Every structure is written in C-alpha cells, then in structure tokens.
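Please look over the model shown below. A short report on its folds, loops and backbone follows.

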Number of protein chains: 2
Amino acid sequence: MEPFLIHILGCGSALPTLRHSASSQVIELRGKLFMIDCGEGTQLQMRKYHISFTKIQTVFISHLHGDHCFGLIGLISTMGMLGRTAPLHIYAPKETGPLLDMQLKMFCTGLEFNVVFHAVDTKRHQVIYEDRSLTVESLPLQHRVPCNGFLFREKATLPHIRRDMIDCYEIPVSQINNIKLGADWTTEDGEVIPNSRLVTPADKSRSYAYCCDTRFIPSLHQLIEGVDVLYHDSTYDKSMEERAALYNHSTSTQAAMVAKEAHAGQLLLGHFSARYDNEEGILNEAKEIFPNTQLTDEGMTFPILAKK
Amino acid sequence: MEPFLIHILGCGSALPTLRHSASSQVIELRGKLFMIDCGEGTQLQMRKYHISFTKIQTVFISHLHGDHCFGLIGLISTMGMLGRTAPLHIYAPKETGPLLDMQLKMFCTGLEFNVVFHAVDTKRHQVIYEDRSLTVESLPLQHRVPCNGFLFREKATLPHIRRDMIDCYEIPVSQINNIKLGADWTTEDGEVIPNSRLVTPADKSRSYAYCCDTRFIPSLHQLIEGVDVLYHDSTYDKSMEERAALYNHSTSTQAAMVAKEAHAGQLLLGHFSARYDNEEGILNEAKEIFPNTQLTDEGMTFPILAKK
C-alpha cells in the first residue's frame, strides 16, 4: 500500500512563538506533495524537514489570515530561483487572486513556471480538485473571514493479484490488468476461474480532513463521516470555550466531539494558542471524549491509515 | 555615552537556508529601535533575540526583493495583535505603497495604530528621516531593482559637565544646561570662568551605513566618507566577481575597497550567498584590503563606536 502521509510544518496559531510555526502541512501520496496553508516561514520549515520544493504541485489555502498564507509569495519566489518549470496550482478564497497578481508582478517577473490560481467558494461543499489518485473536497467552516477545510479522499484502488494463482494457471502478464479490473480467467481446458479466486480485495481507500480555523460546528461531522484521520482546530482548552466562540476557534473538547460524531479513526490536534507552554492538558481533555487523539508538532509525520 | 547598537536578525541572501535568515537588522539608539529590511521570518528572529515589537518605531526597506521585505506584513499584523497604538513609519521605494495598502485592507482591518508610509526616492542622496537624536540619509545603490542604502548619523551631543568645577564654584543646577550650551560662569566676586574650564568635549557623533544590495560602486565611498561602521553587500568571494556583476551584488573584496576608500572605522560583511558553508574565505579576502572587518551572524550585536 502506498504511504499516505501528513507532514506537519507548523501547528501554531496567529501569534508567532518559538515553540510552534505558523500553519502549514504537506500531504504526500504516490510521490505527489500537496500543501495545506502556508504561514510565514513555511519555506524554512520545508528546508528543515527536507520537503521537496519541486514535488509540491498544489497549495490549498484555507483562509486569508496571515498565519495561514503569508509564506505563499516567498515559497513561489524561491521555487522560481530553484528553476521550477512545472505549473503550481493554488486553491484559495477568491480574494487571494488580486493580491497574488500584484505580488507576482512585483516580485516574480521572469518565473519559468505558471502559477495557476483557482478560486474556491468557501460556502460550498464540493470537489475542488481531482487527479487519478484522489479527490479534494472543500468543507465550509465558520471563522472570522471566509474559510474552508479540505477533505482528501483516496480513490478506490484495484484488487491485489494473487501471485500463487497466476503461477498456478500460468496466466500471461498481458492479462494481469484485465484481472485486476475484474476479469475471470479461462484455462486452455475451458475451465473458468472466477476473478475472486485470482485476487485479494483492494486496500480500503483512505481519507483525511483538515478543519482549521473554525468555531465548533455541531453539524460538521456529517461532511466527514467515517474519515480516517481528522485534523481539527484546537486552539484552546475547555476552560476557554467562551474565548474560542468569540474568536471563532475551537477547544480540543469540541474537536473531539466532531471526531466522535464523525466516527473518525484518529484525531490530530493543532493550531495551539501561544499561551500554552505545553499542550498536555489540551490533549487529555480531548482524549476523555475521543481516545485516539494525538498532538501534532513541527517535524512530525503521521500516516493516514484506514480505520479498523 | 548612549549605546548605539546594530542587532543582526538576518544576513543571508535570497535563497533561504538553515544557516542564515533573510535580511533584517535593528539599529538601537537612546531606547528607540529602527529596523532596516524585513525579510520573511524577521518577526521570529525578533522573538528569538528578544527585540521589542513595541520599541520599533520605523522600518526602512532598501528595495523590493522578497528577502528584504516579505516579513513586513507579518510584522505589522503581529504588532496589531500585540495591541500596539503608536504609529509605525515605513520608508521604502514608492512601489511599496499600493501593495501595503492592499495587504493592510485584507489582513489588518481594525489595527489600532497608523501605518504611515513614506516613499523614498531611491535615486537621490538626501536626508529622509530626522529626530532629535539622528538623521537618516538615503544612499542610491545599483541593483536589479531600485535600491538605496541608509546612512544613520547621530546628531552632535552636548559637552560633558565637569562635576568638580560645578562643585568648586557652587554653580546652581538651574545653570547646568546653559553651561552645556556654551555659557561661561561669573562668580559672586565677578570672576568669569570660561566655558572651556567647566566642560569636557562632547562625544564624537557616530555614524553607520547600510549598503545592501548593490553592485560595486567605485564612487560610493564619497557619500559615506569617514563613516564609523559600514555594512556592505558581500554576497560572494573574489572568485565570483563576474557573477556578482551579473546579479548586481558585490564580493567581499569590493566591500573592503569601499570601506578603505571611505576611511571607514569598521566593515561588517553580510548578505552571504547560500553556497557557502562558512564565510571565513570571504572574511579573509576582505581583511587583506581592510583589516578591521568582521563577519555578521544572526543574533550578533555590534556597537557603533566612533573611529579613532
């Protein structure tokens, strides 16, 4: 099974600290890298954690707060200096377009690659990206400015060929793909070997939801039902619920409630307020409601595993 | 004598590395902080090296390359979150204005302080800033985009009162300022004590020039004659002189030639190319021409001392 990984580059919140970087993470699947959010300093985090500038093909920006997007123009600029030629796709709220245009004109004349901007309607839940490995859906969130999360869904893969059966029936290599696609096999004697004897089931498709920044949305679980891994805004601990509501953020307890209602496999907490010297309290409160919860931290990599 | 200090926050060049940060430094004189350039990540460097966000009253931007200005909007945004009320003055090439306007509208609504933009004519050598402690002059440089350096000149200070003479002649406190300003003193017996016996000479005014980014300008020394400390673009070593010319940067040898011709007191080297694992070679080449040369590094603080 191909690894499906989340690399955490930054899981801090708006105020910069030496403890956490501004929001950014990189999703890795089948050799392609997708960035979600790009706060100031993201390109340095990429250097630090050996994330390839070349392999990033798409950047998704959740919303236009600085701690989620101030690093974007620097990233593009550096990609230019590194001689990138492949287009870079940016999915972000529509207001990003004019700013990006102005910045590209001022700072990135002579780029040898295209920056292709895709305006995302933050109010709609829809597929905004698709390739042969996965789809990405926008998840409307509730924050102080238009904001949406992202749901990465791996596409169904093909069943696994049973090597022993192929050898046993001496099936030629040219037929392997047909069998993966469901064909039976007829031997020279006319015996039909049903497809189910020739393959084992495909791996379960995996999914990952990024829901940050957002206030607690009691219905959010409906959009991400059964998600394998959920990363959810958990800026505050339970005692700060009022403040969370005021600033349109969530507590870790609320994040855990979303994970529980969604029947998620695992919950990752992030976007921690600068007030915390450690996030153990935040973690423990979430675990009371949703035991399979983990704190994120810069440099950590999480595998997305299909839930049991 | 009040300390006149240069805090180095970043002395790398355009390509981000883990070794050096993007350009930024902070000048400290009489409790006021002035920032020169503000590359991406500058606000984190401020956290790391305990530079007060509140005390920065003015930011000077040399030119509109990302490694000198991408951190500006993040800095302003953070100042807002920290509750700043004092105006922040930005001196930068005129093209900065429209970008800053757009960014402030998008990211900084509700700021409780004014951001006051001053367009600098990069082609003219003139005083662009003045307060009671110092003046700042723009220094036209030659780079791929309009660019100027900055010359900080401390204003003349008053002579020092001779405590022993004040006591001897029982001169009242109310007269001290007059004497600092040059007055003689007449005793009750009518004896005139000349001012020169009552004071020792004022400290020599100090000066600091920041010349980055620039190609080698053979006449630059004329604008900074006698400067106490010069920070000069030294992106490359001597062997890269052609590349330096091509990209409108300087070698350390060229930086040293400017320092020598200007009769500077000390030369600080910075803006090092990402290709160097250490800058000892760059330093040694400069020292051959101008012995009192030092490498800069993040976190270093240099006192500006009057040259002997």
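Among contacts in chain A between residues at least 6 apart in sequence, what percentage join residues at least 24 apart? The figure is 64%. Contact here means heavy atoms within 4.5 Å.

## Ground rules

This is a predicted model, in which local features need pLDDT of at least 70, side-chain atom pairs count only at pLDDT 80 or more, and totals for chains, interfaces and linings use all residues. Residues are numbered from 1 along each chain as its sequence is written, chains are lettered from A and ligands numbered from 1 in the order in which they are written, and side-chain values use heavy atoms, with hydrogens and water left out.

## Chain A in outline

Chain A holds ten helices and 18 strands. Helices (H or I, at least four residues) and strands (E, at least two) are DSSP runs, numbered from the N terminus. The C-alpha trace of chain A spans about 75 × 55 × 35 Å along its principal axes. Of its 308 residues, 56% count as buried. Buried means under 20% relative accessible area, exposed over 50%, and partly exposed in between, with a 1.4 Å probe and protein chains only.

Chain A exposes about 13,400 Å². Carbon and sulfur atoms supply 51% of that area. The areas come from the Shrake-Rupley method with a 1.4 Å probe; for residues, only the protein chains shown count as cover. Chain A also carries 29 positive and 36 negative side chains. The centres of the two sets lie 2 Å apart. Lys and Arg count as positive and Asp and Glu as negative, while His and the chain ends are not counted. Each charge is placed at NZ of Lys, CZ of Arg, CG of Asp or CD of Glu.

## A sheet in chain B

Seven strands of chain B form an open sheet with mixed pairing, in the order β6-β5-β4-β3-β2-β1-β18. Its edge strands are β6 (115-120) and β18 (301-303) of chain B, each pairing on one side only. The twist averages 20 degrees from one strand to the next. Two strands pair if DSSP finds at least two bridges between them. Strands β2 (residues 24-29) and β3 (residues 32-36) of chain B pair in the antiparallel sense over five bridges. There, B:L29 stands opposite B:K32 in β3(B).

Helix α3 (residues 72-81) of chain B lies across β3, β4 (56-60), β5 (88-93) and β6 of chain B. Its run makes about 170 degrees with β5(B). Helix α4 (residues 96-107) of chain B packs on the sheet too, touching β5 and β6 of chain B. The direction of α4 makes about 160 degrees with that of β6(B). For these angles, axes are lines fitted to C-alpha atoms, for helices over the stretch in contact, and angles run from 0 to 180 degrees between N-to-C directions.

## A buried helix in chain A

How many of the ten residues of helix α3 (residues 72-81) of chain A are buried? Eight are, so the helix is largely enclosed by the rest of the structure. Among them are A:L72, A:I73, A:L75 and A:M79. After α3(A) comes A:G83, with a positive phi near 80 degrees.

## Two buried loop residues

B:I61 sits in the loop between β4 and α2 (66-69) of chain B. B:I61 is buried, at a relative accessible area of 1%. Leaving aside neighbours within four places in sequence, its contacts include B:D37, B:L72, B:Y91 and B:F150. The C-alpha atoms of B:I61 and B:S24 are separated by 9.3 Å, although the two residues are 37 apart along the chain.

A:S133 lies in the loop between β7 (127-130) and β8 (134-140) of chain A. Its relative accessible area is 9%, so A:S133 counts as buried. Beyond its neighbours within four places in sequence, A:S133 is in contact with A:L29, A:R30, A:R153, A:E154 and A:K155.

## Backbone exceptions

Most residues other than glycine have a negative phi, and most peptide bonds are trans. A cis peptide bond joins A:C212 and A:D213, with omega about 0 degrees. A:D213 is in the loop between β14 (207-211) and β15 (229-233) of chain A. In chain B, a cis peptide bond joins B:C212 and B:D213.

Is A:H50 buried or exposed? A:H50 is exposed, with a relative accessible area of 71%. Its phi is positive, near 60 degrees. A:H50 lies in the loop between α1 (42-48) and β4 (56-60) of chain A. B:E170 has a positive phi near 50 degrees. B:E170 is found between α5 (163-168) and α6 (176-180) of chain B, and counts as exposed at 68% relative accessibility.
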